[in-house]
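I opened a new structure today and kept notes as I went. The entries are in the order in which I looked things up.

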Amino acid sequence: MGILEKEGGSEIGGPGRVRVDGVDCYYVETHALNNAQLTVRPGEVIGLVGPNGSGKTTLIKAISGVLKPQVGIITLDGVDVYQIKPKRLAQQMAVVPQSTDTFFFDFTVEEVVLMGRSPHIKFLGTESTNDYDVTRKALEMTDVAQFADRKIAELSGGERQRVIIARALAQEPKILLLDEATSQLDIGIKIEIFDLVRRLAASGIAVIAAIHDLNLAAQYCDRLLLLNRGEIIADGAVEEVLTQEHIAEAFGVSALVRKHPITNAFSITLLPHHTPGERSSETVHVIPGGGKGAPIIHALVQKGLSVSAGVVNTLDSDYDVAEYYGIECAVEAPFSPISSEVDSRNVQLIQEACIVVLPNICFGPANLKNLEAAALAGDKLVILEETPIESRDFTPGVAQRLYGDLRERCLVFTELATLVEHVESHIG
Amino acid sequence: MKRNATLLVLAGILFASVVIGVAVGPVWIPPQKIAAILTNLVVPTNRTWSEAEAIIVYQIRLPRTFMALLVGAGLAVAGVAMQALFKNPLADPYVLGASSGAGFGAALVISLGLVSAIFVPPAAFAGAVIATFTVYALSMIGPRSSVSLLLLSGIALSTLFSALISYLMFVAGENLHQLVFWLMGGLWASRWEYVEITFPVILIGTIVIYAYARDLNLMLSGEESAQHLGVAVENLKKILLVTVSFVVGVAVAFCGIIGFVGLIVPHVVRTFTGPDHKALIPASALFGGILLIWADIIARSAIPGSEMPVGIITALLGAPFFMYLVWSRRKNIF
């Protein structure tokens, strides 16, 4: 909520400032939006996220002047949006809808984009050279200039949507509303369009986008509004809004939220419903590392088995999964060798378990103790070996020797599925 | 450029059609003679024609041909406006109840014996406005109108007005003949006084609709999109529905119910002008004029010694075309 609070009570803003104040919208029976509050500043990219029917589109419609709220007020630069003539409003605000009417299809791309200029043309007036220049620029920005003389009907869905975005840009708006404008497009085109959106925002345009895809929203928005059943349940920076608790509340699903290692954007993975079945009292212990433990932990938990894990450091994605499932875990700080305290905790978990799984992890001086602990499992140990140990050994041959001994005495699997099957039958 | 060339060609065809419309009839009057008779109205020329020929040209055929031109143009432009407003290729004044409403208004005063240019047009206009706005009001959901409801209520209201007209015919007595002939749609009664009323109404109506050509283009992308592009949608609908009611009212008042012109013409014209209303509206006006002049020529020459109501010809052309439209679009609708 931080960003919103800073706004305080100040009324007057610069050009292109939208304010939504205590807005309620009803359809015949349903309460589509309840007490919505929002202030949008120039240059800001705001993502509206939430499940279907949560009120994203309703909010877009209300702001764009086509769905008058029953309660509350929406202002643009301090003036009620519903008191502004459509033409004047269209000079400042453009909307890209989800899809376009088919009656439109005989117009050429250029004609359609030129229509974006109509709010700027006087009644009975004609297009000026400036109008054509702006149109040309919009065509180029959205990379549809090469289709200028083609009919809309001849384009693919993605190209068509870019044309509609070009038309919105031709309006030279200060505020751009996107109502799931990219939800039907290929991922590559989505990225292109949102890259464009970022450039527009950099030039001072405020963008409000209803976005279905949480990862896309997390990657491109400065700020997110999470809606659920007509209520804005969270408003703020991406990391404030996309928490596991919020996602569970709005979507009713579990999610894994982490920073993506490459883009540093938040990445959300939705997980299947986690309903532990009849947990057996017998536990399977997984020795994780470098993300190799996660799929095994996930698979075993999904089978309804009781799982423990260790030793894992807190920066490892295996740790996230273990934490997510709330399993017992021996945890070490990042970049530290396994301390004897944590090691003995791990050994205890191993002794309690009836099967111990050693995944295809790498070994270095820091986690060599994990391999030593595995040796204590004796014939309870099963190994998943996807690549030869030689390629995974970063100790001076110590791990290889130890691993070789272990390998002699226990079952070795080369595929995750067969390993899980074995564990399941062994316990079940 | 291409647009202007199209309009020029259509204007040329229209001019030729007017000449032929005046020349053709039980008595053939060659174009040179027509030119001479008309020139004589301004500058006295050598007489090469009989008094009867002058009367046929000036008092009978010329007003009739002009009337065909005006009514054809008016109905075509009304059809263009309605198809764009309701984003429906099957919309026209006839389908949406405006024609039957106007017909009922006119039939009511005619059955009361008030057959005059003073009473019939206002009554027809009132009927058209009532029908159009009833249909419009019935189709409103919240602050907007729904297209499918609009068409359904148009059909319902058309049926209602047709029943009322039938009732009027049933009880008409001595006015029956007049009522029936008028109702079938015909141009035979055309007189200069009618042209004098029809001309300004249809000219102004066409200009008003043309003034909103840009907005009509935007309407094609959907009402919300149109509004997002600055169109005051509900205002536009009201202005154009009143305008269309005037045009249809005056056409029906003098020529009865002539169906399908408003439906066919915009579709045919779109095939060579494209969807842009800046070209579509003037081209439809010209083409509508041409179509009705020729329909009238056929109506009065098909059966020697007698003439058919022109509404029969337009219906014979229009109904199969309507079926063709349904056929060709059945994949796109639903």
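Entry 1, kind of model. I noted at the start that this is a predicted model.

Entry 2, make-up of chain B. I looked up the secondary structure and found 14 helices and 2 strands in chain B. I then checked the radius of gyration, which is 20 Å for chain B; the globule rule gives 20 Å for 334 residues, so the chain is as compact as a globular protein of that length. The C-alpha trace of chain B spans about 65 × 55 × 35 Å along its principal axes.

I wanted to know what share of the 334 residues in chain B is buried. The figure is 57%. I also took the contacts between residues at least 6 apart in the sequence of chain B, and 75% of them join residues at least 24 apart.

For chain A, the domain assignment lists domain 1 (2-252) and domain 2 (283-427). I found their C-alpha centres to be separated by 49 Å. For chain B, the assignment lists domain 1 (1-56) and domain 2 (67-329). The C-alpha centres of these domains of chain B lie 28 Å apart. To their contact, domain 1 of chain B gives 14 residues and domain 2 of chain B gives 17 residues.

I located A:Gln92 in helix 3 (residues 86-92) of chain A. Is A:Gln92 buried or exposed? Its relative accessible area is 12%, and buried means under 20%, so A:Gln92 is buried. Setting aside neighbours within four places in sequence, I found A:Gln92 in contact with A:Leu76, A:Asp77, A:Pro173, A:Lys174 and A:Ile175.

I placed B:Thr314 in helix 14 (residues 310-329) of chain B. B:Thr314 has a relative accessible area of 2% and is therefore buried. Which residues does B:Thr314 contact, leaving aside its neighbours within four places in sequence? I listed B:Ile258, B:Gly259, B:Phe260, B:Val261, B:Leu292 and B:Ala295. I also checked B:Met169, 145 residues from B:Thr314 along the chain, and the C-alpha atoms of the two are separated by 23 Å.

Key: Residues are numbered from 1 along each chain as its sequence is written. Chains are lettered from A and ligands numbered from 1 in the order in which they are written. This is a predicted model: local features need pLDDT of at least 70, side-chain atom pairs count only at pLDDT 80 or more; totals for chains, interfaces and linings use all residues. Side-chain values use heavy atoms; hydrogens and water are left out. Helices (H or I, at least four residues) and strands (E, at least two) are DSSP runs, numbered from the N terminus. The radius of gyration is taken over C-alpha atoms; the globule rule is 2.2 Å times the number of residues to the power 0.38. Buried means under 20% relative accessible area, exposed over 50%, partly exposed in between (1.4 Å probe, protein chains only). Contact means heavy atoms within 4.5 Å. Domain bounds come from an automatic or database domain assignment.
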